[in-house]
Structures are given as structure tokens and as C-alpha cells.
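Work through the exercises below with the sequence and the model side by side. Try each task before reading its solution.

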Amino acid sequence: CFNSKRQARRTVALSQRYGDTVNFILIDLDKPQSPAQLKLVQTYYEGSIPDLVVLGRSGKPVYNRAGEQTEEVLSGILDKALQERH
């Protein structure tokens, strides 16, 4: 879908900006997935795309919503997740 592809481009741009500080995983629901990706989908996916889940340092979601987000909003969410204590 066009919206998902646009969101994926924003996410890739952020992955370059955050480098090794944040682990990014993009999952295409139309293609076969690894067992780890399938577990993420089963745990967090709520049926709408694009869907964005950000896990904090504790491994718990700090953001889990469907719909597009701007790079600025995503950056703020990532910064918040990075500030979380273990």
C-alpha cells in the first residue's frame, strides 16, 4: 500500500539517523517472515497498516498505533524510548 511504503521510507531514513542506537525491524505482511518476525506480528499487530510499534529498553511498547507518522513525531517517540530506564 502507498501509505505503508511512504512510512517505510521515513523509517529507513530514521534508521540511518539513529545508527546503532536503535534496532529497526520492517515487516512486510505479504512476504514470508522469520519465526522472530512472526512472533512480533502475533504479539503487536492489531490489523491495520501501516502499524508502528516502538519498544522501550524494558522491551515493553512505548508506542503502538496504526497510521502514518512524520519523521519528527517518530523521532520524538524514539527519543522517549531511549530515555526509558531498564
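Buried means under 20% relative accessible area, exposed over 50%, and partly exposed in between (1.4 Å probe, protein chains only). Helices (H or I, at least four residues) and strands (E, at least two) are DSSP runs, numbered from the N terminus. This is a predicted model: local features need pLDDT of at least 70, side-chain atom pairs count only at pLDDT 80 or more, and totals for chains, interfaces and linings use all residues. Residues are numbered from 1 along each chain as its sequence is written, and side-chain values use heavy atoms, with hydrogens and water left out.

**Exercise 1.** Find which residues of helix 1 are buried, and say where they lie around the axis.

Solution. Start with the list: Q7, R10, T11, L14 and Y18 are buried in helix 1. Viewed down the axis, the buried residues fall within an arc of 100 degrees (directions from the axis to the C-beta atoms), so they line one face of the helix. F2, K5, R9 and Q16 are exposed on the other side. The buried residues pack against helix 3 (71-83), with contact meaning heavy atoms within 4.5 Å.

**Exercise 2.** Sort the side chains of strand 1 by face.

Solution. L52 and V54 point to one face and are buried. Next, the partner: strand 2 (residues 61-66) pairs with strand 1 in the antiparallel sense over 5 bridges. Pairing requires at least two DSSP bridges. L52 stands opposite R65.

**Exercise 3.** Is S48 buried, exposed or partly exposed?

Solution. Locate S48 in the loop between helix 2 (35-44) and strand 1 (51-55). Its relative accessibility is 36%, so S48 counts as partly exposed.
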